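Let us walk through this chain, from its loops to its core and then to a pocket. Keep the 3D view open as you read.

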Amino acid sequence: IKFKNTKVKVIDYEELKRSWFWLIEAVWRSSTSKPKIVILENIIDKRLPTIWLVWKWIIFDTGWLNIKTENYMYWMKDDMAWSATLLYTMKELDDKKLWVNIVCALTIAENSISWDSYRPWDILTSYSWKTVEVINTDAEWRLVMADWISYLSKNYNLEIITTLATLTWACMVALWYNYAWVMWDNKELINNLLSNDTFEKYWELPFNDFYIEKTKWKISDFINY
């Protein structure tokens, strides 16, 4: 894909290993395809605010040892669809006149099953040196995002981070096909989104300290479930 105004930076596997992305490496570990990190920067003016679009690009999501069951496995190629959406959003915005800087961050990895897959009860160390106990190996995107956001927060001046999530089954149970869910800690931005007349309807889900406390754990800093 060719860009006119967007700078493309690729962090390969060797650099990734040197940079302490241990959770991302754990997710990748059982695949022969090496992970990469791609950063797309459309910087108009450094004095303007910067919006970060972040997501993980899992090529195929087997679920590892907590393996996908029945026909759910068939659809797991779709796990890369949200990152593909961000990639082509950046392509669409590449030659537009923007009043804000937009940076897109993608983590490309694969979670296959092999003899060295990580397991439930494993305790992993993250980029931020916080520890995480794995309860369910099919919650891999949380691990990838934890390392990613820690890296971005340390190395960039961030005003806003927006992620696209693939928790479609849980949200479909709650909202069925009528709404796409949104959750944010910025009320002004979320109200703008909810008030926009778009082709898709949105519904806000709760996001507060109660849920943050639920991620903390007894024998590690966090639980991954």
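Trp-20 sits in the loop between α1 (13-18) and α2. Helices here are DSSP runs of H or I with at least four residues, strands are runs of E with at least two, and both are numbered from the N terminus. The model is a predicted one: local features need pLDDT of at least 70, side-chain atom pairs count only at pLDDT 80 or more, and totals for chains, interfaces and linings use all residues. Residues are numbered from 1 along each chain as its sequence is written, and side-chain values use heavy atoms, with hydrogens and water left out.

Look at the backbone of Trp-20. Its phi is positive, about 70 degrees, although Trp-20 is not a glycine. Most residues other than glycine have a negative phi. Trp-20 is partly exposed, with a relative accessible area of 36%. The scale runs from buried (under 20% relative accessible area) through partly exposed to exposed (over 50%), using a 1.4 Å probe and protein chains only.

Trp-129 also has a positive phi of about 70 degrees and is not a glycine. It lies in the loop between β5 (123-125) and β6. Trp-129 is exposed, at 54% relative accessible area.

Now take the loop between α2 and β2, where Ser-31 is found. Is Ser-31 buried or exposed? Ser-31 is buried, with a relative accessible area of 5%. It touches Glu-110 and Ser-112, leaving aside residues up to four places away in sequence. Contact means heavy atoms within 4.5 Å.

Next, the core. The largest nonpolar core has 43 residues. Such a core is a set of buried Ala, Val, Leu, Ile, Met, Phe, Trp, Tyr and Cys residues joined through side-chain atoms within 4.5 Å. Ile-37, Ile-39, Trp-148 and Tyr-151 have the most contacts inside it. Elements that each supply at least two core residues include α2 (22-28), β2 (36-42), β3 (50-61) and α4 (140-155). The most comes from α4, with seven residues. Beyond four places in sequence, Ile-37 touches residues including Leu-16, Phe-21, Ile-24, Leu-106 and Trp-148.

Finally, a pocket. Among the residues that line the second largest pocket are Glu-41, Lys-46, Trp-52, Val-103 and Tyr-156. β3 and β4 each supply at least two residues of this lining. By class, the lining has five nonpolar, three polar and three charged residues.

Definitions and conventions: 1 Å grid on protein atoms, 1.4 Å probe; cavity = no way out; pocket = protein on both sides within 12 Å on 5 of 7 lines; lining within 4 Å. Nonpolar A, V, L, I, M, F, W, Y, C, P; charged D, E, K, R; others polar.
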